[in-house]
Amino acid sequence: MQPPLTKDYFSLFGLPIDFHIDDEELTARYREMQSAVHPDRYASAAAQEQRISLQMAARINEAYETLRHPMSRIRYMLELKGVDPRQADSSPDPAFLARQIEWRETLEEIRESGDPGHGLAALSEEAGACIATLLEKVAAELKDDARLSSALTHFLELQYYYRLLEEARDIEDMLEQGGPGRT
Amino acid sequence: MAYSAKVLDHYENPRNVGSFDKDDRSVGTGMVGAPSCGDVMKLQIKVNEEGVIEDAKFKTYGCGSAIASSSLLTEWVKGKTLEEATRIKNSDIAEELALPPVKIHCSVLAEDAIKAAIADYQKKAGA
């Protein structure tokens, strides 16, 4: 058994390096590989083989978790291209931030009004649509080394949208549970 | 993670929450964001003819440390000249609030916000 520890996560699963992956295919490959290297299979094997199977199982898990979620997948793809998103500390442009702040203000008003009818669904839908658009942009930009900086910018913008959506969902949950006034 | 007493105080009773009219010539607006967590912060200053910050307001959508950092900063800049306000360092904020290392970026965000607000005001004044 050769430990493919040096392969990238996509190749590990026999997938092309592409943002668009078939979730079912990824999960199927993951389960196959996971059962092939399962430490139980190596219970009576030599210590060296046992160690390798453990390492491989850990790497397969890590790869699967990374590729499963769109944002960690993009982050990983940027890292493969030598771009470290954590090094990017620049703020997005003021118009983008102003829009984000407006949205957060609207969410705050919805929370205070206690009435999700105040456009919560519309806001979540709009944020979801922006996320879908940005994901498509990033997918295309990641294929073109000349557009990596745009990919990074859009990746960073996506973090704000996901945060916004998370906030909207929290408010939705809170309101479904009976609003802020009741416990 | 446990917040310090000062962070909790600002978080539970934030000072100077609100907005000024961003088109007012005496107002400088700084908007910044932390891409790693999606926190956003708006900090505004109202400057008089002597170049002294008369009032400051903020709106921060983020964690307790980000709210506390911007709340504290609005208290500090009031009555300061623009030049004095630019000298406030994120480390001063972090020290005052006893921020743990993982929350230092919240104080950096606040420093960036006041710098952006001052730059916005100066750009408008020069225009």
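Student: Which residues is I74(A) in contact with, leaving aside its neighbours within four places in sequence?
Tutor: In this predicted model, I74(A) contacts F19(A), L135(A), V138(A), L142(A), F155(A) and L158(A), once neighbours within four places in sequence are left aside.

Student: And which members of the largest nonpolar core touch the most other members?
Tutor: That core has 55 residues, and I74(A) is among those touching the most other members, along with F13(A), L67(A), L78(A), L142(A) and L158(A).

Student: Which helices of chain A each supply at least two residues of it?
Tutor: The helices are α1 (9–12), α2 (23–36), α3 (47–68), α4 (70–80), α5 (94–113), α6 (120–141) and α7 (148–176). The largest share, 13 residues, comes from α7(A).

Student: What about domains, which ones does the core draw on?
Tutor: At least three of its residues come from each of domain 1 (9–68) and domain 2 (87–178) of chain A.

Student: Which residues are in the other core, the one lying apart from it?
Tutor: That other core has 32 residues, including I45(B), L72(B), V77(B) and I118(B).

Student: Switching to cysteines. How many disulfides does the structure hold?
Tutor: Zero, over all chains.

Student: Is C63(B) buried or exposed?
Tutor: C63(B) is buried, its relative accessible area being 17%.

Notes
Residues are numbered from 1 along each chain as its sequence is written. Chains are lettered from A and ligands numbered from 1 in the order in which they are written. This is a predicted model: local features need pLDDT of at least 70, side-chain atom pairs count only at pLDDT 80 or more; totals for chains, interfaces and linings use all residues. Side-chain values use heavy atoms; hydrogens and water are left out. A nonpolar core is a set of buried Ala, Val, Leu, Ile, Met, Phe, Trp, Tyr and Cys residues joined through side-chain atoms within 4.5 Å. Buried means under 20% relative accessible area, exposed over 50%, partly exposed in between (1.4 Å probe, protein chains only). Helices (H or I, at least four residues) and strands (E, at least two) are DSSP runs, numbered from the N terminus. Domain bounds come from an automatic or database domain assignment. Contact means heavy atoms within 4.5 Å. A disulfide is a pair of cysteine sulfur atoms within 2.5 Å.
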